[in-house]
Amino acid sequence: MNTEQLQLVLQSAWTSLPTLLGALPVTLGFALGAMVLGLPLGFLVALARLSRLGWVRGLSGLYVSFIRGTPLLVQIFVIYYGLPSLGITLNPVAGGVIALTLNAAAYLSETMRAAILSIPKGQREAATSLGLSGAQTMRLIVLPQAARVALPSMSNTLIGLVKDTSLVSVITVVELLRSAQLVIARTFEPFGPYLAAALIYWAVSSLLEVVQRTLERRFSRGS
């Protein structure tokens, strides 16, 4: 690549930035929405995986296995293009959020389950001897400690969601990657817009990593 070509690429990346930054809130909205919805769903699945009822453990384990064992892109296709054949039609935003939420919940559930199991059993027994109910023990004893254990993995899930939102571009959602593709369709210069999109993803992920480390240090002091 000579100097003139490099200048053209950099100019293309620079001129595409306003359009790409305009789509960034959509990307962040999808990621945060899936995280907010995925956390309670993942917690319920984690509890189901720890249930004493075999059929509850089996069904929740099957859900986690299916989601973790299939590509997110296929899950998006199943939800957005497959469900209409069953009479369930979703708009692109709803389809994308549901797919990302179900995917995130499966991974978050395993993170939460492992964090809960990491708390020594003796603490639960001590709480029971003090007269705390199972729900009180979970809320007051187990979950505060499990949250510190699970924080790094949950933060990584959020960072992964930011990048995974690029996949909803296949169902015409105009997020960051789709915006880059639209710019390329107008300019016929792919390197610059894709480079700009990559740098934005990198910047957002780096910022989230800083927030993650800050929270980890704060939780460590609290413990």
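Helices H4 and H6 pack at an angle of about 145°, with their axes 8 Å apart; axes are lines fitted to C-alpha atoms, for helices over the stretch in contact, and angles run from 0 to 180 degrees between N-to-C directions. Helices (H or I, at least four residues) and strands (E, at least two) are DSSP runs numbered from the N terminus. The crossing of H4 past H6 is right-handed, where a crossing is left-handed if the near helix is turned anticlockwise from the far one by less than a right angle, and right-handed if clockwise. On the H4 side the contact is made by Leu 100, Ala 104, Leu 108, Thr 111, Met 112, Ala 115 and Ile 116. On the H6 side the contributors are Met 138, Val 142, Ala 146, Val 149, Ala 150, Ser 153, Met 154, Thr 157, Leu 161 and Asp 164. Contact means heavy atoms within 4.5 Å. The residues of this contact divide into 13 nonpolar, 3 polar and 1 charged, with Ala, Val, Leu, Ile, Met, Phe, Trp, Tyr, Cys and Pro counted as nonpolar, Asp, Glu, Lys and Arg as charged, and the others, Gly among them, as polar.

The model is predicted, so that local features need pLDDT of at least 70 and side-chain atom pairs count only at pLDDT 80 or more, whereas totals for chains, interfaces and linings use all residues. Residues are numbered from 1 along each chain as its sequence is written, and side-chain values use heavy atoms, with hydrogens and water left out.

The protein chain has 8 helices and 0 strands, and its pattern along the sequence is α-α-α-α-α-α-α-α. The C-alpha trace spans about 75 × 50 × 25 Å along its principal axes. Of the 223 residues in the chain, 36% are buried; buried means under 20% relative accessible area, exposed over 50%, and partly exposed in between (1.4 Å probe, protein chains only). The chain exposes about 12,400 Å², of which carbon and sulfur atoms supply 68%; accessible areas come from the Shrake-Rupley method with a 1.4 Å probe, and for residues only the protein chains shown count as cover. Among contacts with a separation of 6 or more, 75% are between residues 24 or more positions apart.

Not counting residues up to four places away in sequence, Thr 111 touches Ala 150, Ser 153 and Met 154. Thr 111 and Val 211 are separated by 100 residues in sequence and by 19 Å in space, C-alpha to C-alpha. With neighbours within four places in sequence left aside, Thr 157 is in contact with Met 35, Ala 104 and Leu 108.

Helix H1 (residues 3-49) also packs with H6, at an angle of about 140° and with the axes 11 Å apart. The crossing of H1 and H6 is right-handed. Residues of H1 in this contact are Thr 27, Ala 31, Leu 32, Ala 34, Met 35, Leu 39, Phe 43 and Leu 47, while H6 contributes Met 138, Leu 143, Met 154, Thr 157, Leu 158, Leu 161 and Val 162. By class, the contact of H1 with H6 has 13 nonpolar, 2 polar and no charged residues.

Helix H5 (residues 121-129) packs with H6 at an angle of about 155°, the axes being 10 Å apart. This angle makes H5 roughly antiparallel to H6; angles under 35 degrees count as roughly parallel, over 145 as roughly antiparallel, 65 to 115 as roughly perpendicular and the rest as oblique. The crossing of H5 and H6 is right-handed. Gln 123, Arg 124 and Ala 127 in H5 meet Thr 137, Ile 141, Val 142 and Gln 145 in H6, and the residues of this contact divide into 3 nonpolar, 3 polar and 1 charged.

Most residues other than glycine have a negative phi. Thr 172, in the loop between H6 and helix H7 (176-187), has a positive phi near 70°. Thr 172 is partly exposed, with a relative accessible area of 49%. Phe 188, in the loop between H7 and H8, has a positive phi of about 60° although it is not a glycine. Phe 188 is exposed, with a relative accessible area of 72%.

In helix H8 (residues 191-222) is found Leu 195, which counts as partly exposed at 28% relative accessibility. Leu 195 and Val 149 are 46 residues apart in sequence and 36 Å apart in space, C-alpha to C-alpha.
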